[in-house]
Amino acid sequence: MKEVKRALITGINGQSGSYLAEFLINKGYEVFGTIKRNSVSENQTARLDSIYDKIKDNLIYADLLDVPSLLHALKKSNPSEVYNLAAQSHVRISFDQPVYTAQATGIGTLNLLEAIRIYDPSIKMYQASSSEMFGNSIDADGYQRETTPLNPVSPYGCAKVFSYNICRNYRNSYGMYISNGILFNHESPRRGTNFVTNKVVKSAVRIKLGMEKKLVLGNLNATRDWGHAKDYVEAMWMMLQKEESGDYVCSTGVSHSVLELVQYVFGKLEMDWTQYVSSDDKFMRPEELEDLKGDSSKLRNETGWTPKYTFETMLDEMISHWLEYYSDIKK
Ligand code: NAP
Ligand code: F7E
């Protein structure tokens, strides 16, 4: 048993990586994380601002496609838990960059598994699996759960299915502790602004402030089960505290359409969305995942996890964030 709890997070500067780092630091962990080389280094660690002083010496350059860099990250951090959050995570962009997505989001996981197996196979690993793996499979009661067939409809979904399966294979073949969190969409003010929630909120705030005139979206009919990233990183940690590893759906169990999202956000800002929002083919996907709604009973029953945010309180926080952001800029 290692005395000090040490965690390594791949993709620590992403949306969920940053919340997970804060969460684990509050739990008393020493947290390490990987970042990629970027030609513009400013803003690369912006999401880590609140904890930067505590982790700046624990940030390690590594890429999931570069096994020696992963071995180096493991050696430097000597973790008891590894959270694999790194990925090319944008579904529509995965149609533009299918091969890179397959490599980073699929083979990258295998690279990390091999690095852990070589360095210390007793390390516990969390794999960021995704509801996108279900594609358009839906159980008769309208939900997706651990037993729902995986029928991915995007290069991203296909790559995540490979990662999910290879994690199960390593668990069964080598007795390694590896848990797949099958997480449904999770959002926050830190969400990339080319994902639909933060795109809508940021744009609606800019329209309200007279900085923008129109918002152009793709499919308004798709439905998603949207939760808050802060709640979901707690679930990741809870999964790794269980004695046995396993596969767990994490979701709110409530779904809304993109149109309902638009109506809520514009309504909160006292604007008539029909005056500003249109739909264009350029934001449609070659194949769309139409409906997601997750049943997370297994996770809730086995760990006691329950989300604190609702769809509405999550969006309220995102609206406040962008209003404050632009009022600070104007000062
Ligand atoms: P995100 O904001 O896009 O963060 C992804 C992170 O991975 C970033 O730090 C990124 O670095 C890094 N990365 C990308 N390619 C890499 C590579 N080849 N090697 C090393 N690092 C790489 O995504 P997120 O929302 O935090 O999601 C975290 C994980 O959960 C991802 O694996 C995602 O696919 C999965 N997931 C997300 C959701 C969701 O709704 N958010 C749901 C289910 C599963 P740069 O920023 O420098 O590119
Ligand atoms: O799209 C529709 C779009 O890009 C949500 C990732 O974190 O969750 C995320 O993937 C829905 C889709 O997320 C626009 O067609 C309409 O139906 O915000 P999104 P996503 O594709 O569900 C899963 C679980 C992950 O694992 C992924 O990593 O919104 N939509 N109009 C639009 N989407 C975008 N991005 N932009 C639009 O203009």
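**Close-up views of a predicted model**

View 1. R92 and D96 sit four residues apart in helix α4 (residues 91–96), about one turn of the helix. Helices here are DSSP runs of H or I with at least four residues, strands are runs of E with at least two, and both are numbered from the N terminus. The two side chains form a salt bridge, with the closest N and O atoms 3.1 Å apart; the term asks for a side-chain nitrogen of Lys or Arg within 4 Å of a carboxyl oxygen of Asp or Glu. R92 is partly exposed at 22% relative accessible area, whereas D96 is exposed at 51% (buried is under 20%, exposed over 50%, partly exposed in between, with a 1.4 Å probe and protein chains only). This is a predicted model, in which local features need pLDDT of at least 70 and side-chain atom pairs count only at pLDDT 80 or more, while totals for chains, interfaces and linings use all residues. Residues are numbered from 1 along each chain as its sequence is written, chains are lettered from A and ligands numbered from 1 in the order written, and side-chain values use heavy atoms, leaving out hydrogens and water.

View 2. D316 and K268 meet in a salt bridge at 3.8 Å, N to O. This pair links distant parts of the chain, with D316 in helix α11 (residues 311–330) and K268 in helix α9 (residues 258–268), 48 residues apart. D316 is partly exposed at 25% relative accessible area, and K268 is partly exposed at 47%.

**View 3. A salt-bridge network.** Salt bridges that share partners join D139, D141, R145 and D295 into one network. Within it, the closest N and O atoms of D139 and R145 are 2.8 Å apart. R145 counts as buried, at 18% relative accessibility.

**View 4. Two tyrosines in helix α6.** Y170 and Y174 form an edge-to-face aromatic pair, 5.0 Å centre to centre with 75° between the planes. Rings of Phe, Tyr and Trp (its six-membered ring) pair if their centres lie within 6.5 Å; planes under 30 degrees apart are stacked, over 60 edge-to-face, and the rest tilted. The two residues lie four apart in helix α6 (residues 155–174), so about one helical turn separates them. Y170 is buried at 7% relative accessible area, but Y174 is partly exposed at 43%.
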